[in-house]
Amino acid sequence: MALSGFFRKADLKVKRDLWPVFWRGWTLDASWHAERMQALGVLFALRPLLERNIERGVALERHTAPFNANTWMAPALLAAMARLESERRGAEAVRMRDIVSPVLSGIGDIFVWSRCRPACLVLAVTGVLVGSPVVGLLTALGVYIAVLAVHTWHGFAAGAAAGADLARKLPALQPSRAVARAAHVILGLATGAWCVAGGIHAWRVAPSAAFLLSGALAVGYTASKRQLPAGLVFLGIVAFLGVLRLFHSPAGLP
Amino acid sequence: MDGARRAARRTMVSEVPAFGWTVLAGAVLALDDAAGVSLLISEPVFAGAVFGLLSGRFAAGVAAGALLQCLSMVTLRVGGARAPEGWLGAAAAVAALPPEVSFDGLDWLSAASLTGPVAAGIVAAFLGRALRDFQRRIVALCAGGAIERAAAGDASAATRLHVAAIGAHAVRGAASVAVVFAMAPRFAALVTAAVPDVRGGWIALGIGIVALGRVAPSRRRWTWVAGAALGALWVLS
């Protein structure tokens, strides 16, 4: 299923006065800070609508609370809030925001950060490794932007259509299962292919290169279990080899 | 400052290729990374391609970016967690790339001269993250007053602060890429001098495989086996 049933049924004709919310919501993270996170971004996105409210002060105050949402899922939430504000149902917008935001973000975080994005990056890097960087980069970029555009716009349209019912429509707001499955397959294929192709090629180049690769696999696995940043692991291995180099061995170092 | 040192410094600055385009790329990539919905172009492999293209060494830039990408394949930017600035790392790696490396086939993974640039890239990425966090602390300092005014019915200060934050990301990106292009070659040279024979490409690939294995589905092991078969076929053919 390319998109959930709700997306297909949703009225995709979003009211013109909600469009600025979509574009302004694109920069939600720009003023992110630890105290209120994306609150300034929400004010920026909703401001054109809130300023038209008769009770402007109350409407603005409602949206000064801390807000944090996955940027892929935020358009759905912003659209629902904007619709409720434009219908003078601001209190419902706040209640809906507090209920829906964490759940929606949880769904988005898994899809974006551990499925879609790594899969597209794998396509790009695989293109580089097989000697077709332009094809790899363009394919990855095209797929990612297509999924992002479809997902955010349909989420926005669905949010605008659902309004206060967004909480009940949550299962339908889930990202496409087909895309998640495809990302899974790409990740699995790449894991096997990189491991075997890298191992064989390293062995052909020099046994010491294969030793380095397998050492990095072992150290990297241990470090990743302890949530150590990969960059620091790389620097640690290089520093360790630098120290070993001080004690020259007849066999030499890889 | 004597004439030779002044000339050397001038040479370092003038080495920034296509200066205007490079800092513009830095601004755009910083915005993509920090300002909102990312279009993926701020990931190291894409940033490496951009800076490589601007330096006239596309293949080298892509290769350096791919190695850094292996080290940041999976980043969970959840809540307040923010990853190191991979795009700035790619800029540093491209700036520090040695001219003599060939990028045919997979042999470049064995080039020991890539270790220094990749190390410079990692350090630059972490420094970039520190700078971005500093900017966010400044926004937090200014946000209190803006939020109070918004709560009182005037959202103009909040809007101005948000727009200023967007501008600050762009300026930070432009400035940091200029600094990195000037400084990274020196740092990479130090690393290369300390570890002249370490083949960092294979280390980065190994760490990248581990990162992939952590997010690849354990329920679909057949994909791993199929991938292994494809990889073996590709190398042996």
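Guide: Between chain A and chain B the count is one salt bridge, meaning a side-chain nitrogen of Lys or Arg within 4 Å of a carboxyl oxygen of Asp or Glu. This is a predicted model, where local features need pLDDT of at least 70, side-chain atom pairs count only at pLDDT 80 or more, and totals for chains, interfaces and linings use all residues. Residues are numbered from 1 along each chain as its sequence is written, chains are lettered from A in the order in which they are written, and side-chain values use heavy atoms, with hydrogens and water left out.

Visitor: Which side chains meet in the salt bridge?

Guide: A:Arg117 and B:Glu43, at 2.6 Å from N to O.

Visitor: How many residues does the contact take from each chain?

Guide: Chain A gives 90 residues and chain B gives 95 residues, with contact meaning heavy atoms within 4.5 Å.

Visitor: And what area do chain A and chain B bury between them?

Guide: About 8,000 Å², 75% of it on carbon and sulfur atoms. Buried area is the accessible area (1.4 Å probe) that two parts lose on being put together, summed over both.

Visitor: Other topic. How many disulfides does the structure hold?

Guide: Zero, over all chains; a disulfide is a pair of cysteine sulfur atoms within 2.5 Å. For A:Cys116, the nearest cysteine sulfur is that of A:Cys120, 4.5 Å away.

Visitor: Is A:Cys116 buried or exposed?

Guide: A:Cys116 counts as buried because its relative accessibility is 3%; the cut-offs are under 20% relative accessible area for buried, over 50% for exposed, and partly exposed in between (1.4 Å probe, protein chains only). A:Cys120 is buried too, with a relative accessible area of 3%.
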